[in-house]
Amino acid sequence: MSQDSSEREQWSTRIAFILAAVGSAVGLGNIWRFPFITGENGGAGFLLVYLLFIVVVGFPAILVEFVIGRHTERNPVGAMQEIGRGAWQYVGWVFVVATFVIMSYYSVIAGWTIRYTILGLQDGYMADIDAAASQFGQLSVGLEAMALHGFFLLGIIAIVGLGIRQGIELAVKVMVPAIIAIVVGLAAWASTLSGASEGYSFYLEPDFGRIASEWTSILPDAAGQAFFTLSLGFGIMITYASYIDEDRNLAEDGAIIIGFDTAIAVLVGLIVFPILFTAGVDPGEPGPGAIFVSLSAAFGDLSVGWLAGTVFFGTVIIAALSSAISLTEVVVSYAVDEHGMDRLRATVFVCMALFVLGLAPAYDLVFLDLYDGLMNGILLLLGGLLISVYVSWLWAGPAVEELEQGVGDIGPLGTTWVWLVRVPVLAVILVSLWLGIVDYVDFLTGDFADWLADL
């Protein structure tokens, strides 16, 4: 039993929608994932390619999700069932499944941020990189990691269960301004560190030779980061856009959201790399735990590192929460829209299932790589590919008409947008998807196979 769209909540103001979308975009994708992906790929060269993808791919792609969400006023599954034909009706399931699995390990990582915030207030951080790595190995898995994973999900229930206006909207109105203020303050402090100039050089002066020689890794990582940080391929922007009015200028809102998200990502780099170079820590240390190992070691080597670390990881908690509520809302909105479930009951049910699925990565990090490689490297891009193909080739007319709502006749700009989706967006997604599949197969036949052999 689906819910009548006339009964659905809407954002109370335009700024509420923008803050919610920005909150979704600036979460762990910017503060946890962006620094270690940038460091792995050589710093400035990756940043340059990433910024290019944000403009050429991110902006056209976010409008694809916006027009679908506002036109249908449904969750991703319901939206594609309404506008899709044949097998296209089932594309929305790719978003819901990917978002559900991502949220299951996202909350585990969020639990790490809680633990590292507490660590700064208690014992401080290990200055030695090997000791920091050993500490992360102990804190990232086990019963404590499982408990913090569950604790974080309780916070999600408290916010998402209250609804759009009384829950999500009120939360992001506090969290997003707080994130911006703290990040700006930390960037100003990081500029005073002794390693600031060296960090800025690594982060802001691109090595074009490295881009040319390592494009096979830089390209998919930059495309994946662009999608991840803008919450594209998750169905989040479809869901959030389903709660807005017809008189909104979607292109203008999209540009504002992308602008804030990109600015915060760049600022995070201006915090992280000066800290790492000041402490003499390798910024290219790979892996999802890199920010916790490298940064905690760097904080441990600074005179006021415990305070800076507490503030930094506390900020990551806020950012993680702002993103997690949007991830959870995709799945909850499906249960509410398509099955008529009570919102609080649906949120509790979804979070209980997320807790169970997240126990595996909280038990062993190999499952985090298993989940993330499939979801972020393949399913997110697959969902983005399918929906971009459908909208640009099979639903282009209604899509342009929806984009014109709240703006008026946009003339050739509508055709330009459609062709941007048809060519650069699809080309980048296709190449990135292929490389993502290759990387995941390598993981399955390499690290994961070795882990299975050791059982």
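What separates Lys 173 and Glu 169 in helix 8 (residues 164-190)? About one helical turn lies between Lys 173 and Glu 169, which are 4 residues apart in that helix.

The model is predicted; local features need pLDDT of at least 70 and side-chain atom pairs count only at pLDDT 80 or more, whereas totals for chains, interfaces and linings use all residues. Residues are numbered from 1 along each chain as its sequence is written, and side-chain values use heavy atoms, with hydrogens and water left out.

**View 1. Salt bridge between Lys 173 and Glu 169.** The closest N and O atoms of the pair are 3.2 Å apart; a salt bridge is a side-chain nitrogen of Lys or Arg within 4 Å of a carboxyl oxygen of Asp or Glu. Lys 173 is partly exposed at 36% relative accessible area, whereas Glu 169 is buried at 3% (buried: under 20%; exposed: over 50%; partly exposed: in between; 1.4 Å probe, protein chains only).

**View 2. Salt bridge between Glu 144 and Arg 115.** The N to O distance is 2.8 Å. This pair links distant parts of the chain, 29 residues apart: Glu 144 belongs to helix 7 (residues 143-160) and Arg 115 to helix 5 (residues 92-121). Helices are DSSP runs (H or I, at least four residues), numbered from the N terminus. Glu 144 is partly exposed at 38% relative accessibility, and Arg 115 is buried at 14%.

**View 3. Salt bridge between Glu 329 and Arg 343.** The side chains meet at 2.8 Å, N to O. Glu 329 in helix 15 (residues 305-339) and Arg 343 in helix 16 (residues 343-363) are 14 residues apart. Both Glu 329 and Arg 343 are buried.

Terms used:
Helix = DSSP H or I, 4+ residues; strand = E, 2+ residues; numbered from the N terminus.
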